Amino acid sequence: MKRIGIDVGGTNTDVVLVADGKVVHGVKAPTTADVTSGIVAAIDALAAAVDIGQGVDAVMVGTTHFVNAVVQRRRLNPVAAIRIALPATSDLPPFTGWPADLAGQTQGGAWLIEGGHDYDGRRFMPLDLAAARRAAHEIRERGLRCAAVTAMFSPLDASDEEALAQLLREECPGLAVTCSHRIGGIGLLERENAAILNASLIELAGETVRAFEQAKARLGITAPLFVTQNDGTVAEAARAVAYPIFSFASGPTNSMRGAAYLSGLKEAIVVDVGGTTSDFGHLRQGFPREANAAVHVGGVRTLFRMPDLISIGLGGGSLVDAATHRVGPLSVGYRLTEEALVFGGKTLTATDIAVAAGLLDLGERSRVAQLPAAMVRAVLARTTEMVEEQVDRVKVDAGDVTLIAVGGGAFLVPDALQGVARVVRVEHGGCANAVGAAIAQVSGEVDQVFQGKTRAEAIALSRELADARAIEAGADPRSLALVEAEDTPIAYLPGNAMRVRVKVVGDIQAR
Amino acid sequence: MRALTADDIEALAVGAWILGTGGGGSPYHALLALRRLYAQGRHVDLIGVDEVADDDAVAVVSVMGAPLVILERLVDSRQIARAVSAMEEHLGRKFKAVMAIEIGGGNGMQPLLAASQLGIPVVDADAMGRAYPEAQMTSFAVGNLAPSPLTSIDPRGSEVIVSKTPTWKWMERTSRKVCTEFGSIAATCKAPRSGAEVRRWGIAGTTTKAIQLGRAVREAQRRHDDPIEAILQTESGRRLFSGKVIEVERRTTEGFLRGRTVFDGLGVDRGAKVELNFQNEWTVLWRDGRPVVSTPELICVLDSESGEAIGTETIRYGQRVTVIVLPAAAVFLTPRGLEHVGPRAFGYDIDFQPVFGS
């Protein structure tokens, strides 16, 4: 097995070559505005350092490009939002609660039609096909190219969304349709919001992935391209272009997966300390635990598979107040090598404190020699407290945990921490994100409400469905393993109702 | 009478969630719907209980249902308004105003949604002063007022009138059954109340109270002050415990979310532990095996930093929380009131020991 893992972050593009389960080499290059030339430069640097040779099996790319497009409000397409839920929900039509600027760019129109299901799988209303055809006609007339379809309780019964998507594709040739049940679970507004955001990014995703393919071709690599997902798995490029929203959090996720791989640990807390922020997450069976609550993206409330992360303003470039010993949240960011004291700058940063304390050898140590030792100790005590508090927040139960510290600023994490049994540091920890991309697998998952079934039956049914979805996504059926099974009883509903979430992962099917 | 402003509505959503004492459902959807109705030029008037004449009819509304179903069916101002109109048709007379059965959670906002459609004012009162899980847990039930009739509405056109039940418990059973058939959600108009009944048995001023609470939190957040201190000052509440969640246990029995959570003390409470039980809402707080505070007093669990309320469905390990207690409505502190909503009504073999007043 030989793979190239690439993580395109806001500041750096990291590339690693992984062969036969070992990290051969990793390099960093600045991220470029066009993304592609940064990747080419990084892979060129990799090729200059080691012989990539023949027989690369796969290229795995993680990118923050799509989520940045939402946050920065650029390159978004107007979306036709069709909701199947009348006569309910008309008080809160699509785009309700969106920031005006984002709605202005993405609102291609909203159509509400009758149909959908109830929580127990019974039909809520028959799907109004005549209204669906009228909507399709109007969408075609307006020349819209992207659509998002959301039906009531579609995570339980997706038939109405699928029927409408089929009709739209027939009536509006070339229309890209996102079905909400492929994106998120129960919670109509949040699932719909996520589906609309996804649809608005479809064209950008297509272009970006084509650019990745071109970069790969220019380097003469013929191996297939995969795009990393929020849950730490990958999707084939052809599938990934349809779901750009699933790569929103791939950066921190890849770091966590890389940390798991490099350390050989499957149950641990991971902290990725960068230049500006530290991301804390919980590894469960080698994967980041998923958030179970709404996540705001670009000011929009959404609900889809996202890792449960806590970010705080602590990094190598964090500003330090010598008087109050406060650290962050502001940071000098990528200007560290100009502004930090050890590089001859005028700003006291966390990096300067670490150099003064002898935790790190960077720049000119003599420039921080005059910092009062008591102040340095006090600042380090403060950063230790910050790390301890966040580690505790991401824990799921009491008891000491293992903490894996990765990222360029990992020197800020001390070896002894309250609530932490041991701190693990790994080789290549600075490019854990690209390693996480390189080693990613494919997944299948289910989030459904069951009634009148035993817990075991419900989980078994979910498992079957999840397996089928993973295989459809390109997994080798023999390699499938269960990584998450969670059932939650539901208040007020009769018949022992429970919500079951199941996720399986498997290796990519060799071709 | 005063017109509620858009800012009042934002504050009401925050305050109603705090008064939900862990349950009552999120007011978020109702807030979104009201923002939209206000943007369209509609508005809602609030009147005090003294502005209702003795023989005026007042509609009492709520949405019954499972929180999970509400996540898909959302809110609907026309449905809750239709529940009121259906009751008017049944009674053959018009309502002068509408009020909430419970101010806590999303149901604290439902009268505003109905009023925005019907053009009648909202009465500044409810029948719980918080949220409770069952129909007989109201001041109206304590006052032995008639439990029926009730209208229950489904958006697909089904409308059920429960014209007569002998007791509040029967009303709970019958209306719950209808609600289940409708998909575990129904817009309802409860037994209508006369102005005299609202004044005698309603809990006055609770909409204003929720608005004031919400405003205190929002202003403290804006000024970067301690929002919890602001809540305690607004409502003469008491801080009971600050700590972090170290255990959560949930189970669904008889259609209720029951369970317990344990907090480990931080700051002045370092070294201490408390246990908090719940049945949809928070019920009893225990310290060293002894009850510290219980229903009917309002136990609120707040995020220690933001001051925002945390619900029994979403509380989880590691959260930093502050438990506060707010005074209960006087009507529930009587022997008869305690029969309906005291700790024994929730299956605890303990006497109610008030934190306030004695």
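Tutor: Helices are DSSP runs of H or I with at least four residues, strands are runs of E with at least two, and both are numbered from the N terminus. The model is predicted: local features need pLDDT of at least 70, side-chain atom pairs count only at pLDDT 80 or more, and totals for chains, interfaces and linings use all residues. Residues are numbered from 1 along each chain as its sequence is written, while chains are lettered from A and ligands numbered from 1 in the order in which they are written.

Student: What follows α14(A), and what is its phi?

Tutor: G474(A) follows α14(A), and its phi is positive, near 110°.

Student: How do you know what span is expected of α14(A)?

Tutor: The expected span is 1.5 Å times one less than the number of residues. Helix α14 of chain A covers residues 455-472, which is 18 residues. The expected value is 26 Å, and the helix reaches 26 Å from its first C-alpha to its last, close to that expectation.

Student: Which residues of α14(A) are buried?

Tutor: A residue is buried if 20 or more other C-beta atoms lie within 10 Å of its own, exposed if 12 or fewer, and partly exposed in between, with C-beta atoms placed from the backbone. In α14(A), A458(A), I459(A), S462(A), A466(A) and A470(A) are buried.

Student: Why are they said to line one face of the helix?

Tutor: Their directions fall within an arc of 100° seen down the axis of α14(A), so they line one face. The arc is taken over the directions from the helix axis to the C-beta atoms. The face turned away from the buried side carries the exposed residues A456(A), E457(A), E464(A) and E472(A).

Student: What makes β3(B) mostly covered?

Tutor: Strand β3 (residues 57-65) of chain B has nine of its nine residues buried. On one side these are A57(B), A59(B), V61(B), V63(B) and G65(B), and on the other V58(B), V60(B), S62(B) and M64(B).
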